[in-house]
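Two packed helices are described by the angle between their axes and the distance between the axes.

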Amino acid sequence: MTDMVTIREDDLIDSVADALQYISYYHPMDYIRALGDAYDAEVGPAAKDAIAQILTNSRMCAEGHRPICQDTGIVNVFIEWGQNCRLESDKSLQDVVDEGVRRAYNHPENKLRASVLADPAFTRRNTKDNTPCVLSVEMVPGSKISVDVAAKGGGSENKSKFKMMNPSDSIVDWVVEMLPQMGAGWCPPGMLGIGIGGTAEHCVKLAKQSLMEPIDMAQLKQRGPQNDIEALRIEIFDKVNALGIGAQGLGGLATILDVKILDWPCHAAGKPVAMIPNCAATRHAHFTLDGSGPSFLETPKLDEWPQVRWKPDKAAKKVNLDTLTSEEVQGWKQGDRLLLNGKMLTGRDAAHKRIQDMLAKGEELPVEFAGRVIYYVGPVDPVRDEAVGPAGPTTATRMDKFMDMMLGTGLLATIGKSERGPAATQSIAEHKSAYLMAVGGAAYLVSRAIKEAKVVGFEDLGMEAIYEFTVEDMPVTVAVDSEGNNVHTLAPQHWKAKIAEEHLLAN
């Protein structure tokens with residue numbers, strides 16, 4: 001019989017902590033190479049600019065060891081545990097792995113945002129250290145343990161889809177139907193993970209696990225499919241990109257960089273199918289432990305990053321937020337690029353809910369919103385000389401139901417990520433306001449534009465408090481103008497038609 005291998009508690013803790021720090025600031029190189037190729041091929045100017053911001057942000061994070069995105073995710077850990085291995089610990093495996101998460105997220109030189117809330121249906125209390133993680137364990141033959149760690153952002157996780165299909169239903173048709181409904185809050189371009197079969201819960205897990213695999217769509221298309229699953233991957237890839245959604249939903253050629261599929265046998269009566277997107281902050285890593293000590297991931301070479309250096313568009317208009325008027329806002333048109341300067345307020349889900357409750361009770365708000373602009377953001381804590389940590393936008397649609405209320409306070413404009421829904425778009429038009437979009441997946445780049453940050457309300461809400469930011473040349477795009485023209489509706493329609501036309505000409 002093979003001698004048992006001892007996996008020390010500290011080795012597993014140190015390895016998990018190192019991997020989570022690593023993926024907070026290093027993109028996987030397969031993603032960066034694929035995104036660089038997408039940048040070279042992209043002809044949609046707004047989408048190309050967005051990809052340039054994501055690539056530039058990625059390099060800045062790799063150099064500065066700061067998070068790619070302010071949403072540093074909920075941690076997923078998949079372990080294949082070799083049956084000849086024993087854990088040397090008096091704690092449960094969940095507790096050991098959670099200690100690794102705790103150390104990673106509280107690292108003093110790169111503190112990561114704690115986004116995990118206990119008591120999810122009621123008090124929603126922040127656990128302060130991003131624990132617990134979501135842990136999956138499989139026992140396998142062997143004398144080592146293999147670990148996949150991922151940090152999944154809320155914007156992409158919220159777009160997960162699942163359906164108990166009838167056996168004859170088309171998977172491709174369902175995926176193509178779902179993609180436009182998902183909007184751009186998952187920060188394309190990314191990957192689609194698809195699970196087919198098993199039971200309801202296993203199917204969704206398969207979709208998540210598939211996202212751990214390396215991007216290889218270009219190589220697959222070059223050699224051609226060798227089985228039905230590979231043919232399905234290519235068909236979905238081509239049909240999703242033909243939708244013209246593009247980077248950040250701004251219209252373009254690259255909506256997804258790859259499609260991954262895992263399947264499992266299922267009951268004869270059904271066909272469970274799940275789909276989970278991975279965002280522009282694709283964060284996952286793999287390591288193994290064999291009892292010889294902790295595993296530390298190798299630093300990637302910075303010269304492997306595409307040589308893309310984003311600079312503000314020369315045509316971008318400079319805006320002074322401190323003297324901004326309603327008339328000036330009404331002069332903006334959808335698609336305009338702006339560079340914001342001056343003071344703005346921040347606020348997201350918890351702050352909006354509290355404002356609603358205070359207004360209902362007739363209580364005085366902690367800040368005056370009339371004549372101001374609000375940015376939907378929950379920043380990472382600053383380190384060293386930073387005014388604020390990475391501070392990219394959060395998904396704007398979550399604030400749609402508060403739009404009438406907030407614009408009723410005299411707010412001039414809002415800033416966030418991805419599209420606005422029909423009701424919010426209508427409210428914006430009625431109030432002659434505007435919605436501005438910052439690039440999701442470029443949080444560190446955006447934070448460089450923030451020169452000062454101070455809490456001005458609801459300090460107890462932590463990263464969801466109301467801040468006042470002083471910004472210099474913060475890049476945004478007018479996504480909904482004062483007439484209600486919506487770039488996220490208009491641009492993908494234009495690019496879908498353009499791609500279809502070029503496909504016809506090519507054939």
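In this predicted model, the crossing of helix 1 and helix 4 is right-handed. A second pair, helix 2 and helix 3, has a left-handed crossing, and the points below take each pair in turn.

**Helix 1 with helix 4**

- The axes of helix 1 (residues 9-25) and helix 4 (residues 93-105) come within 8 Å and cross at roughly 45 degrees, and helix 1 and helix 4 are therefore oblique to each other.
- On the side of helix 1 the contact is formed by E9, L12, I13, D14, V16, A17, L20 and Q21, while helix 4 contributes L93, V96, V97, E99, G100, V101, R103, A104 and Y105.

**Helix 2 with helix 3**

- Helix 2 (residues 29-41) packs against helix 3 (residues 45-64) at an angle of about 150 degrees, and their axes lie 10 Å apart.
- Because angles over 145 degrees count as roughly antiparallel, that angle makes helix 2 roughly antiparallel to helix 3.
- The residues that make the contact are I32, L35, G36, A38, Y39 and D40 from helix 2, together with K48, I51, A52, I54, L55 and S58 from helix 3.
- In the contact of helix 2 with helix 3, the residues divide into eight nonpolar, two polar and two charged.

Conventions
Residues numbered from 1 in each chain as written. Predicted model: local features only at pLDDT ≥ 70, side-chain atom pairs only at ≥ 80, totals over all residues. Heavy atoms only, no water. Axes fitted to C-alpha atoms, helices over the stretch in contact; angles between N-to-C directions. Helix = DSSP H or I, 4+ residues; strand = E, 2+ residues; numbered from the N terminus. Parallel < 35°, antiparallel > 145°, perpendicular 65-115°, else oblique. Left-handed = near helix turned anticlockwise from the far one by under 90°. Contact = heavy atoms within 4.5 Å. Nonpolar A, V, L, I, M, F, W, Y, C, P; charged D, E, K, R; others polar.
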